[in-house]
Amino acid sequence: QASASATVTVQQVNVQRTTLDVLKDVKNVTTDPNGTTYTDVVNASQNDTVEYRVRITNTGTVNATGLSLVDVLPSAVTANGFVNISNGFTFSGVLSNLTINGSLTPNQTVTLTYRAIVNQSTAGDITNTARAQASNADPDSDTAVVRIQTQNQNTTLSLVKEVRNVTTNSGFADNVTARNGETVEYRLTIRNNGSASANNIVVTDSRPSGVSFTGFQVINGLT
């Protein structure tokens with residue numbers, strides 16, 4: 001009885017690995033609309049618009065392929081506008097699961113920017129992490145912080161009192177000349193110079209004995 005055999009040789013293909021470096025920073029567009037400086041931590045208030053920047057660099061010696069980015073926004077901010085990407089790259093998907101099309105050559109950087117509106121009003125840090133990886137590179141991540149600083153809400157009132165002679169049709173001034181029987185008009189101007197609303201304002205104005213009260217009015221819709 002004859003027999004035969006064959007040998008199959010399996011050749012291992014080594015996938016060349018590379019490394020990625022991720023840098024994430026942020027700037028406040030509301031307080032510095034023309035600014036070009038991004039930082040790791042930026043101060044902001046509720047309703048401010050911030051712009052995040054994510055830079056992914058291939059720090060290895062071979063092309064990085066199958067690039068993807070995971071950047072989940074915290075609930076304290078809301079995405080506002082589109083994602084911009086540099087160097088002719090394109091992407092698909094959303095920030096929480098974004099695929100970058102094409103290969104990243106050694107020492108090449110792709111930059112993504114996007115904006116968000118701050119929802120948080122209480123003091124504290126809003127931390128946001130971006131994580132990138134490639135099919136031939138381990139993940140790398142970086143974090144940017146939006147720091148909410150609450151403003152002290154205070155009220156400062158100023159009061160200016162003036163008088164004019166209605167009979168002679170004079171202008172308002174600190175003092176005025178009048179004769180017996182003439183009508184004068186006092187004007188009180190109250191201004192809120194603070195950062196919060198002034199409520200339940202009380203004005204006290206004692207009438208001197210030399211004049212008789214005939215009536216008053218309040219302008220600007222107040223009562």
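At 5% relative accessibility, N136 counts as buried. Buried here means under 20% relative accessible area, exposed means over 50%, and partly exposed lies in between (1.4 Å probe, protein chains only). N136 sits in the loop between strand 10 and strand 11. Its C-alpha atom is 6.2 Å from that of T18, although 118 residues separate the two along the chain.

The structure is a predicted model, in which local features need pLDDT of at least 70, side-chain atom pairs count only at pLDDT 80 or more, and totals for chains, interfaces and linings use all residues. Residues are numbered from 1 along each chain as its sequence is written, and side-chain values use heavy atoms, with hydrogens and water left out.

The chain contains 13 strands and zero helices. Both kinds of element are DSSP runs numbered from the N terminus: helices are H or I runs of at least four residues, and strands are E runs of at least two. The radius of gyration is 35 Å, well over the 17 Å that the globule rule gives for 223 residues, so the chain is more spread out than a compact globule. This radius is taken over C-alpha atoms, and the rule is 2.2 Å times the number of residues to the power 0.38. Along the principal axes, the C-alpha atoms fill a box of roughly 145 × 30 × 25 Å.

Buried residues make up 27% of the 223 residues. The chain exposes about 14,800 Å², of which carbon and sulfur atoms supply 46%. Accessible areas come from the Shrake-Rupley method with a 1.4 Å probe; for residues, only the protein chains shown count as cover. Contact means heavy atoms within 4.5 Å. Of the contacts with a separation of 6 or more, 67% join residues 24 or more positions apart. The chain carries 14 positive and 16 negative charges, and their mean positions are 7 Å apart. Lys and Arg count as positive, Asp and Glu as negative; His and the chain ends are not counted. Each charge is placed at NZ of Lys, CZ of Arg, CG of Asp or CD of Glu.

The largest nonpolar core holds 33 residues, and Y52, I56 and V146 touch the most other members. Strand 1 (20-28), strand 2, strand 3, strand 4 (67-71), strand 8, strand 9, strand 10 (124-134) and strand 11 (137-148) each give two or more residues to this core. Strand 9 provides the largest share, five residues. A nonpolar core is a set of buried Ala, Val, Leu, Ile, Met, Phe, Trp, Tyr and Cys residues joined through side-chain atoms within 4.5 Å. Beyond its neighbours within four places in sequence, V146 is in contact with V26, V42, A44, V50, Y52, V118, G124, D125 and I126.

T127 lies in strand 10. T127 is partly exposed, with a relative accessible area of 46%. Leaving aside neighbours within four places in sequence, T127 contacts P74, T143, A144 and V145. From C-alpha to C-alpha, T127 and I56 are 19 Å apart in space, and they are 71 residues apart in sequence.

Two asparagines have positive phi angles. N47, not a glycine, has a phi of about 80°. N47 is found in the loop between strand 2 (41-44) and strand 3 (49-58). Its relative accessible area is 58%, so N47 is exposed. N107, also not a glycine, has a positive phi of about 70°. N107 is placed in the loop between strand 8 (97-101) and strand 9 (109-118). At 64% relative accessibility, N107 is exposed.
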